[in-house]
Amino acid sequence: MSGQLVVSDLQGVVFDKRRDHAKYVVQIITHELEDVTWLATAGWDGKVHLYSIDVAATNPKLPAPVASISLPTNPEALLFIKHPDNGSLVLIITRRDSTHLFYYSVDSEARLLGKQNLAPHSNAWIAFTPSAIALCPTDSTLIAIATSAIPHMKLLIVRLMVPSMDGDASIASLVPAEETQASQARAALALQDRESAAILIQCNTMAPQTAYSTPALTWRPDGTGVWVNSDDGAIRGIEATTGKIIATLKGHEPGSKVRCLSAAWVKAGDVKQEWLVSGGFDHKLIVWKPEPAE
């Protein structure tokens, strides 16, 4: 809540702490490489900080940020991906009151490589905010996005349009050398069409939420669907290929918010099963398992 970042072991022994954000830290993500672990933090001071940490050390320390990104509105979601061309690490950021995915290089410059509009043909000033994003476990070019749409969450499944590391993926790169107003308009329309085609699924999850809700989602480990949270205590399973609701899990108190979700393969004897864990404002942590075959 203070903007402080702390590193500790699993017993709670604090190794180091530092405060680079002026307000709440709302999200932390990590990505492990062979020689370094990258860490990104998003704060309600409108900043995203990138850290490079040696977690193999006996007493790991928190160095000063390698780079800081200042945004015009507060960041909402963060995601590390690997560039499809050369495997370089790229950071995706979404921010409040923007329908775009923003792609940044993960280095000391943290350059804005490009952006991808999730509502390219929308006439509304701001249609929604991409509040939570998750990478498909079986397809690294596909992400699921939970939006801030009210009164029900809308879910998007989108193909990533990762710009080149040169950062030239923009309208300008599609316009001929002798630029005219007509050619610029055609290039803008072509880009909108590409962004629209990248949206594979756009569906209403029927999960109630308000402007104060915190959307959350997790992919099924086989990549066939997505679980989403809600404010009514139910967890809904959405089929990735059709956008249809194929399961509704009710275990939390009716009317209580489901706050967090995580799904993974778990070995139960010789059988690999999908388990789902959910946490709610009813103070319950529920582990969901497949029903026995009998």
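**Exercise 1. Is Cys260 buried, partly exposed or exposed, and what is its relative accessible area?**

Solution. Start with the ground rules. This is a predicted model, in which local features need pLDDT of at least 70, side-chain atom pairs count only at pLDDT 80 or more, and totals for chains, interfaces and linings use all residues. Residues are numbered from 1 along each chain as its sequence is written, and side-chain values use heavy atoms, leaving out hydrogens and water.

Next, the cut-offs. Buried means under 20% relative accessible area, exposed means over 50%, and partly exposed lies in between, with a 1.4 Å probe and protein chains only. Cys260 has a relative accessible area of 40%, so Cys260 is partly exposed.

**Exercise 2. Count the disulfides, then examine Cys136.**

Solution. A disulfide is a covalent bond between the sulfur atoms of two cysteines. The test here is a pair of cysteine sulfur atoms within 2.5 Å. By this rule the count is zero. Take Cys136: its nearest cysteine sulfur belongs to Cys203 and is 15 Å away. Cys136 is therefore in no disulfide. Now check its cover. Cys136 has 6% relative accessibility, so Cys136 counts as buried.

**Exercise 3. How many salt bridges does the structure hold? Work through three of them.**

Solution. A salt bridge is a side-chain nitrogen of Lys or Arg within 4 Å of a carboxyl oxygen of Asp or Glu. The structure holds seven.

- Step one: Asp20 pairs with Arg18, with the closest N and O atoms 2.7 Å apart. Asp20 is partly exposed at 24% relative accessibility. Arg18 is also partly exposed, at 24%.
- Step two: Glu76 pairs with Arg96, with the closest N and O atoms 3.0 Å apart. Glu76 is in strand β7 (residues 75–82), and Arg96 is in the loop between β8 (89–95) and β9 (100–105). The pair links distant parts of the chain, 20 residues apart. Arg96 is partly exposed at 30%.
- Step three: Glu274 meets Arg220 at 2.7 Å, N to O. Glu274 lies in strand β20 (residues 271–280) and Arg220 in the loop between β15 (217–219) and β16 (225–228), so the pair ties together parts 54 residues apart in sequence. Glu274 is buried at 13%, whereas Arg220 is partly exposed at 25%.

**Exercise 4. Where does Ser8 lie, and how far is it from His49?**

Solution. Ser8 lies in strand β1 (residues 4–8). Its relative accessible area is 37%, so Ser8 is partly exposed. Ser8 and His49 are 41 residues apart along the chain, and their C-alpha atoms are separated by 19 Å.

Methods
Helix = DSSP H or I, 4+ residues; strand = E, 2+ residues; numbered from the N terminus.
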